[in-house]
Amino acid sequence: GTGGEYSEGEGAGLASSESGGSGFYLAAAALPERRRPGGGRPRYEMVRELSAEEVRWFYREDRKPWKPFIGYDSLRIELAYRALGPEPREGEAAAVEPVCVRSGLYEVDVASAECYPVYWNQSEKIPVMRGQWFIDGTWQPLEEEEGNLIEQEHLNCFKGQQLQESFDIEEQAKPVDRKEAIHSLKLSRNHVDWHSVDEVYLYSDATTSKIARTVTQKLGISKALSSGTRLHRGYVEEATLEDKPPQISHIVFVVHGIGQKMDQGRIIKNTAMMRDAARKIEEKYFSDLSTLVEFLPVEWRSKLTLDGDTVDSITPDKVRGLRDMLNSSAMDIMYYTSPLYRDELVKGLQQELNRLYTLFCARNPEFEEKGGKVSIVSHSLGCVITYDIMTGWNPVRFYEHLLQKEEEELQDRWMSYEEQRLLEELHITKNRLKEIRERLRGLKASTISEPPVLKFKVENFFCMGSPLAVFLALRGIRPGNSGSQDHILPRTICNRLLNIFHPTDPVAYRLEPLILKHYSNISPIQIHWYSTVNPLPYECMKPSFLNPTKEPTSVTESESVSTVPSPTTSPVMVRRHYGESITNIGKASILGAASIGKGLGGMLFSRFGRSSTATPQTLEAGKDGAEEDDKKATTAGVPLLPHSSSSSFLEPAVELEHRIDFELREGLVESRYWSTVTSHTAYWSSLDIAFFLLTFMYKHDQEDTDKSS
């Protein structure tokens, strides 16, 4: 009756927290399939051993209530349990294969009654339990040991008898009006009374319960209703192999940033939060799709040795707690800028990404065959390391490139005969060294480290709270005059780059002004709240300016003010002059360095002091930013301005093919100063971000579904 109202994670009732070993074995009974919608049973059914479909297996994480495995998983665990036998002999336990559950992320060892993750290490054990008897209302299982005893007693007394009562809602609503039980079983802390074959109640033997029971019985109230809990034999719905998870069409590797040494399991918990948020969004918005996006944590830091304990040994003892926290977090940035340890960090992440992908494909052979896609979500410093792995950027080659430029500059200036002769000798020697290296590489495997390579192409690269723009600016990247993502990340390496940040995150920087300078005055697109009804697609959003009245800094005095368009024309026209002014490389370098290379203090000041005039745009979804559609971007430089408003000597405005910067909406009541402290780690559990990620990852699946239909 109440079974239809069951929801995962309700109160545990009287269910015990222990997962005891099973001392009672039930042989599989070949029974016709029974359908029990809402918990109802057919009338006049015989009492016999529970079928594998009626048993339900459960797991529990973080001391929460028991959660049921889906039917597909539970049935396979039960069959493995029955194959194990009632009392397996030594050595036989290992013969039973572990059962793959929960969309392939975990395996269940039936012999040890434990569940463990496949793709990452976890110190906390996840117990599993076999449920046969269940508490009315919550459908939580009784402790396995007690459930086995009750089941054994039930079969001994009632096997072969007919069930006279149906478990329909109308019948079950009637009160049980018997004062005496036809059978009783004493347990350690409770006892069970059978008032009939179908009416079984559990009573606590605690002193307070006995007093309450005595008082209520003297008042003429039925014993069953006084303090007993009704039990049900068999789960509310039968397990079927059809109740299985959808096919995984997209995997997302979640890469952590700094601080994992301080809390090694944090990325696993963060990924679990992101996965749970995604499941809620999938259920609400993407339930019609037959595919699944799966999130896998990439824990690359804990396996690295780096300097051992050298830094710890040179750390002073005063305020040791704070110093240890900084050593475990901010020190990772110093390690990455060190030529000695940078490669170790890069290889650590690259090897872990490849290991996870290889393992996933081995366990899901159809993934590659069916064109499965891979995306990466990186946080903080993880964005920089992931970027360097994808692009193969190496500071050694960067340094060699600078030396080569210096040599070219030397050749341009006047030199004496002696200098010219020495330079020629140096040039000949370098060429000779290059030839020797190539011959050596041909004879044996090269010891020179090759750029790291991933075993998969990245579909989407999501950066969260990312300082990548600062690293790129300090490496000499300056805005260009093309609106292509290829300027910083070629599409051949990664199809789409998206930069997500909270407006008060002190570590996050924008990427778009590194591609086109005038985007520094175009606001990033604001991410929709997940509860928005019929949100406007990001491709259709109109541009919005941070300072509409501000004169563009790159418009020279000689350029006419009359070229500034009215609000009725495309608002991008006023930015058009940036494309012309930054063709001069020197000026572009100065502009880029001035705007991107700000100090942390100046950046914080400018963010906290941001004018409140920008707040109306945070409340209206249609005026958040701009993103050009794929087709418009690829059609031979179509100008954004109407033909009537464009002059013959003016070039059309250069726009981004795709928008890259996406900003979370600020809470209406949150303090900017407090959110600066918390915003850098607030991405994981955000339903807005989960909705944003799935919108882009399910985009292709929805398009494919539309095409096939």
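Among contacts in this predicted model between residues at least 6 apart in sequence, 76% join residues at least 24 apart. The chain has 709 residues, and buried residues make up 45% of them. Its secondary structure comprises 24 helices and 20 strands.

**Nonpolar cores**

- The largest nonpolar core contains 116 residues, and the members that touch the most other members are Phe253, Phe461, Phe692 and Leu693.
- At least three residues of this core come from domain 1 (46-86 + 94-163 + 177-233), and at least three come from domain 2 (248-307 + 346-396 + 454-541 + 658-708).
- Another core lies apart from it and has 16 residues, including Ile135, Leu155, Leu185 and Val197.
- In soluble globular proteins, nonpolar side chains tend to be buried together.
- Leaving aside residues up to four places away in sequence, Phe461 touches Ile376, Ser378, Cys383, Thr386, Tyr387 and Met390, and also Leu489, Cys494, Arg496, Leu497 and Leu498.

**Packing of helices α10 and α12**

- Two packed helices are described by the angle between their axes and the distance between the axes.
- For helix α10 (residues 342-363) and helix α12 (residues 381-391), the angle is about 80° and the axes are 10 Å apart.
- An angle of 65 to 115 degrees counts as roughly perpendicular, and α10 and α12 are therefore roughly perpendicular to each other.
- On the α10 side, the contact is made by Arg342, Leu345, Val346, Leu349 and Gln350.
- On the α12 side, the contact is made by Ile385, Thr386, Asp388 and Ile389.
- By class, the residues of the contact of α10 with α12 are 5 nonpolar, 2 polar and 2 charged.
- Thr386 of α12 takes part in this contact and is also one of the residues touched by Phe461.

- Ile135 lies in strand β8 and is among the members of the core of 16 residues.
- Ile135 counts as buried because its relative accessibility is 4%, and the cut-off for buried is under 20%.
- The C-alpha atoms of Ile135 and Leu231 are 4.9 Å apart in space, while the two residues are 96 residues apart in sequence.
- Glu151 is placed in helix α2 (residues 144-158), and this residue is buried, with a relative accessible area of 0%.
- Between Glu151 and Leu50 there is a C-alpha to C-alpha distance of 9.0 Å, with the pair 101 residues apart in sequence.
- Asp198 is found in the loop between β11 (190-194) and β12 (200-204), and this loop residue is buried, at a relative accessible area of 7%.
- Asp198 and Gln162 are 36 residues apart along the chain, and their C-alpha atoms are separated by 9.7 Å.
- Lys269 belongs to helix α6 (residues 266-285) and counts as partly exposed, with 40% relative accessibility.
- Lys269 and Trp684 are 415 residues apart in sequence, yet the distance from C-alpha to C-alpha is 9.2 Å.

**Positive phi at non-glycine residues**

- Arg102 is not a glycine, although its phi is positive, at about 55°.
- The position of Arg102 is in the loop between β4 (99-101) and β5 (106-109).
- Trp139 also is not a glycine and has a positive phi of about 55°.
- Trp139 is located in the loop between β8 (133-135) and α2, and this residue is buried, with a relative accessible area of 2%.

Definitions and conventions. Residues are numbered from 1 along each chain as its sequence is written. This is a predicted model: local features need pLDDT of at least 70, side-chain atom pairs count only at pLDDT 80 or more; totals for chains, interfaces and linings use all residues. Side-chain values use heavy atoms; hydrogens and water are left out. A nonpolar core is a set of buried Ala, Val, Leu, Ile, Met, Phe, Trp, Tyr and Cys residues joined through side-chain atoms within 4.5 Å. Buried means under 20% relative accessible area, exposed over 50%, partly exposed in between (1.4 Å probe, protein chains only). Domain bounds come from an automatic or database domain assignment. Contact means heavy atoms within 4.5 Å. Helices (H or I, at least four residues) and strands (E, at least two) are DSSP runs, numbered from the N terminus. Axes are lines fitted to C-alpha atoms, for helices over the stretch in contact, and angles run from 0 to 180 degrees between N-to-C directions. Angles under 35 degrees count as roughly parallel, over 145 as roughly antiparallel, 65 to 115 as roughly perpendicular and the rest as oblique. Ala, Val, Leu, Ile, Met, Phe, Trp, Tyr, Cys and Pro count as nonpolar, Asp, Glu, Lys and Arg as charged, and the others, Gly among them, as polar.
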